[in-house]
Amino acid sequence: MTPHRADDATINARPVIHWFRRDLRLTDNLALAAALETGAPVIPLFIFDPAILHSKRVGAPRVAFMRSALASLDASLRRHGSALLVRHGDPRRVLPALVEATGAQGLYFNRDYSPFARRRDAEVARALPIPTHSFDDMLLVPPGEATKSDGDPYTVFTAFQRKWLTIPKPCPVAPASQSGAFDRLASVDSPGLPTLADLGFDTAIETPDASEDSAHQLLARFLSGPIYEYDSGRNRLGADPDRDPTPGSSFLSPYFRFGILSIREAYEAAQAAHGQAGDARARKAVETWISELAWREFYTHILFHFPQVKTGNFRRAYDSVPWRRAPADLQAWQEGRTGYPVVDAAMRQLAQTGWMPNRARMIVASFLTKDLLIDWREGELHFMQHLIDGDLAANNGGWQWAAGTGTDAQPYFRIFNPILQGQRFDPEGVYIRRWVPELGDVPATQVHTPWASGHLPAGYPPPVVAHAFARERALAAFAAARERRPA
Ligand SMILES: Cc1cc2nc3c(=O)[nH]c(=O)nc-3n(C[C@H](O)[C@H](O)[C@H](O)COP(=O)(O)OP(=O)(O)OC[C@H]3O[C@@H](n4cnc5c(N)ncnc54)[C@H](O)[C@@H]3O)c2cc1C
């Protein structure tokens, strides 16, 4: 671990501290802009908290991506004559010590709505002798601001979205007013970031560039065309494997996860794209993309209002579903060796890249919870350990949706058929062949059912379970749980 001196921030006047967390950017950052506006020198700080870093829900791919985002942030800060001050430890102890060492007069940060972060931030505020200033930066509409007329939170997405759409959205902070303000970043004598190995991680995954520039390029690429085809493009698994892992969607989720791209900027750009859409179909596609941003906000609100979903079913009716304890089946799913090609392709894409498209996430989540009847919490944990965009709210929401236990869940009797899903969303088998080399020579007519010819390609397993049997088993298990305790 890199040693740091307590006095490595060279401060001329009583400074303020901006504590970076899920807002790893300089552009359109509300708390940072407010800190700069005070006129005091601003110390840019990041804290590696061992409680987060060494949680079993955190994996090397996401830490590698985050470290790359921090390196890029540090480089940007150095261009402004500053640097990222890095600390290791529990923020409840690190921050009071830093305040004492620097004589800081205020702490600025953007709110994180997860139960863990809310508790920590309240304790930090109590532990500090100086005021803390927090801002709603992560969402367009913060929790509590999209509620029913009686103040209760929405638990059905369509109703939430109807309300969400009517609420005025904040504009990005004007860049011109910020550029001069960056001169007020404190000069910090920081030795630089710890390596991934220093942090106790190692990964063979090559994570995408995590800079603000890359996020802006991805947004520009998406707005230059794919957004107008988003309705169909987002589901095309194997559209153009040589160009991009998912040409049909934005690939911005890891950037939103760490706040490398401002949600206000993305929303404003989407609104502009809506205005420039050539016809009603293109306009509708942009609206669908904006509704995905609303899903992100919906799940964050759900976790805020119902923190118990972190570990339990939203619908308690399913508490008695007899999930199978089946370690070999779970392992086959994790390793992409279920014998169902589209499931295996997606799980191998996850293992090799730390990411997979939404359609693939839905297919593999349905397969684990319905075909294998394995508890959604196993899949949710595996995703958190491997996804570079792993986000408690979105991931939990996605898993509970697929399992049928969530707020706005698909009904338990809708069970994805992994063969039909493959045929529909990867008709030529392009996606499958890309990630499952054993099926590289299998023609499109057989690539979704390689067992059907009677000769499985070398090294590829037979189906771990027959879908028709598994479907009936899941229907019976869910129906019995509902009978015991109606939804
Ligand atoms: C089982 C399961 C687990 C998931 N786990 C995560 C997760 O850990 N982190 C995560 O960011 N998303 C998660 N999602 C949602 C979704 O799959 C990803 O956000 C999306 O695939 C990211 O690709 P994109 O950036 O190209 O998205 P786009 O299609 O371009 O959408 C734009 C943005 O909207 C948000 N978004 C899109 N779909 C959803 C959704 N269904 N729920 C919430 N937000 C959404 C994301 O921030 C995304 O970047 C999960 C979905 C499922 C079914």
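**Notebook: the ligand shell and its surroundings**

I began at the ligand: of the 30 residues around it, Ser249, Ser250, Ser253, Asn395 and Gly398 come nearest. I counted a residue as near a molecule or strand if its C-beta atom, placed from the backbone, lies within 6 Å of it. Next I noted the elements that give two or more residues to this shell, which are helix 10 (253-257), helix 12 (280-305), helix 15 (358-371) and helix 17 (392-403). Helices here are DSSP runs (H or I, at least four residues; strands are E, at least two), numbered from the N terminus.

Residue numbers run from 1 along each chain as its sequence is written.

**Entry: more on the shell**

Which helix gives the most to the shell around the ligand? I found helix 17 in that place, with six residues. By type, I sorted the shell into 14 nonpolar, nine polar and seven charged residues. For this sorting Ala, Val, Leu, Ile, Met, Phe, Trp, Tyr, Cys and Pro are nonpolar, Asp, Glu, Lys and Arg are charged, and the others, Gly among them, are polar.

**Entry: domains**

I looked up the domain assignment of the chain, and it gives domain 1 (1-138), domain 2 (212-305) and domain 3 (316-482). The bounds come from an automatic or database domain assignment. Why does the ligand lie between domain 2 and domain 3? Both of these domains give residues to the shell around the ligand, so that is where it lies.

Then I turned to domain 1 and domain 2, whose centres, taken over C-alpha atoms, are separated by 28 Å. Their contact takes 13 residues from domain 1 and twelve residues from domain 2. I treat two residues as in contact if their C-beta atoms, placed from the backbone, lie within 7 Å. On the side of domain 1 that touches domain 2, I noted six nonpolar, three polar and four charged residues.

**Entry: Asn358**

I picked Asn358, which lies in helix 15. Asn358 has 16 C-beta neighbours inside 10 Å and so counts as partly exposed. The scale I use calls a residue buried if 20 or more other C-beta atoms lie within 10 Å of its own, exposed if 12 or fewer, and partly exposed in between, with C-beta atoms placed from the backbone. Not counting residues up to four places away in sequence, Asn358 touches Arg234 and Ser249. I also looked at Gly398: its C-alpha atom is 9.3 Å from that of Asn358, although the two are 40 residues apart along the chain.

I placed Phe251 in the loop between helix 9 (230-233) and helix 10. Phe251 is buried, with 21 other C-beta atoms within 10 Å.

Leu373 also has a positive phi without being glycine, near 50 degrees. I found Leu373 in the loop between helix 15 and helix 16 (376-386). Leu373 counts as buried because 20 C-beta neighbours lie inside 10 Å.

**Entry: helix 18**

Which residues of helix 18 (residues 418-425) are buried? I listed Pro418, Gln421, Gly422 and Phe425. They cover an arc of only 100 degrees around the axis, which puts them on the same side of helix 18. The arc is that of the directions from the helix axis to the C-beta atoms. I then checked the partners: the buried residues of helix 18 pack against helix 14 (341-353), helix 15, helix 19 (430-435) and helix 20 (467-484).

**Entry: Leu70**

Leu70 is found in helix 3 (residues 60-79). Leu70 is buried, with 20 other C-beta atoms within 10 Å. Leaving aside neighbours within four places in sequence, I saw Leu70 in contact with Leu24, Phe46, Leu84 and Leu193. Leu193 is 123 residues from Leu70 along the chain, yet their C-alpha atoms are separated by 7.9 Å.

**Entry: confidence**

Last, I looked up pLDDT (the predictor's confidence in each residue, from 0 to 100). The chain averages 93, and 94% of the residues score at least 70. Over residues 1-11 pLDDT stays under 50, and I noted 24 contacts beyond four places in sequence for them in the model. Where pLDDT is low, the predicted coordinates should not be read in detail.

Methods: Predicted model: local features only at pLDDT ≥ 70, side-chain atom pairs only at ≥ 80, totals over all residues.
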